[in-house]
Amino acid sequence: IAKVILFGGSAYILGMVAAAGLVLIIEADLMAMVTPVPEAGIVLIGVGCLLVGSSYLIWSIAGGPVIRVRGTALPPPKPPLVLAQITTACLEWTAASAVLYFLLPPHPGVSFPLMVAIFVISYVLAVASHVPGGLGVFEALVIHLMPDAVPQEAVLAALISYRGLYMLLPLLIAALMFAGYEVKQAHGLGRWLKEKLRRRPDPAPLAAAPAMRHPAPETAKVK
C-alpha cells in the first residue's frame, strides 16, 4: 500500500508543483501585474517550485537511495515512467484550467497561460491549507488573483460551474456505474439462490424415511 501511495501521490503533488513553477517562470510578467510580488521574485519562486517538482525525477535518474517506510523498501521507479507520470499530471492540470477558462466570459485581460498560472497556484495553496477539496480557499484565491477588470460575479459563477462539471459530474457518473454494478451482482446472487433452491431435495420423503425404517410395534392382543 505504501508503494502505491508513493507512486501515485508523489507524481500528482510534485507534478502540480512543477507545473506551478513552470507557469510562474513563463508568465512572471503577468503574475507581477496581479500580485504585489515583483517579477524577479516570481521567477525565483518558480525556479524553486520547479526544482522541488523535479526532485522525483532526479531521484529516479540517480537510482536511489532506497527509501524505507516502517520496514517497507521503496526503490526509485524508472526515469521513463516518472516522465510519463509528470507529463500526465501536467496535462491534467492544463485540462482542468481549460475547463475553468472556457467557463469564464471572454475578456482581453485573461489569456489562457494566465488562467493556467492562476489555477495551478490557487490549487497548490488550497491543497496546502488542508481544507477538504480546497473548498472556499481555491475560489477565494482565483477571485483575488484575477485582474480587477474581470467582474467578480462572473468569476464566481464560472467557479461554481467548474465545481459541478469537473467534480460533481464525475462523482454522479461513478455513483451510477457503482449502482449498476451492485444491481447486476444482486441479480446474479438471486439467480444463484433460485438454482440452489430448485436443486434442493423434497423434504417430504426424507421425513417419511425414519418411519419406514422403524415400523411401529404391534399392540399386544388382550386375551
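The largest nonpolar core of this predicted model has 33 residues. A nonpolar core is a set of buried Ala, Val, Leu, Ile, Met, Phe, Trp, Tyr and Cys residues joined through side-chain atoms within 4.5 Å, and buried means under 20% relative accessible area (exposed is over 50%, partly exposed in between; 1.4 Å probe, protein chains only). M31, L100, I118, F119, F138, V142 and M146 have the most contacts inside this core, where contact means heavy atoms within 4.5 Å.

**The cores**
- A second, separate core has seven residues, among them A11, W59, V82 and I86.
- Leaving aside residues up to four places away in sequence, M146 touches L104, V110, M115, I118 and V155.

**Helices with a buried side**
- In helix α7 (residues 137-145), the buried residues are F138, E139, V142 and L145.
- These residues sit on the same side of α7 because they cover an arc of only 140 degrees around the axis; the arc is that of the directions from the helix axis to the C-beta atoms.
- Helix α4 (residues 55-62) has Y56, L57, W59 and S60 as its buried residues.
- Those of α4 fall within an arc of 160 degrees seen down the axis, so they line one face of the helix.
- Turned away from the buried side of α4 is a face with the exposed residues I58, I61 and A62.
- After α4 comes G63, with a positive phi near 75 degrees.

**A patch on the surface**
- L165, L169, L172, I173, L176 and M177 make a nonpolar surface patch of about 600 Å².
- Patches are made of residues with over 30% relative accessible area and no salt bridge; like charges are joined within 9 Å, nonpolar side chains (Val, Leu, Ile, Met, Phe, Trp, Tyr) within 5 Å.
- A salt bridge is a side-chain nitrogen of Lys or Arg within 4 Å of a carboxyl oxygen of Asp or Glu.
- L176 lies in helix α8 (residues 152-199) and is exposed, with a relative accessible area of 59%.

**The whole protein**
- The protein has nine helices and two strands; these are DSSP runs numbered from the N terminus (helices: H or I, at least four residues; strands: E, at least two).
- Of its 223 residues, 29% count as buried.
- Its accessible surface is about 14,800 Å², with 73% belonging to carbon and sulfur atoms (Shrake-Rupley method, 1.4 Å probe; for residues, only the protein chains shown count as cover).

**Reading the values**
- Residues are numbered from 1 along each chain as its sequence is written, and side-chain values use heavy atoms, leaving out hydrogens and water.
- In this predicted model, local features need pLDDT of at least 70 and side-chain atom pairs count only at pLDDT 80 or more, while totals for chains, interfaces and linings use all residues.
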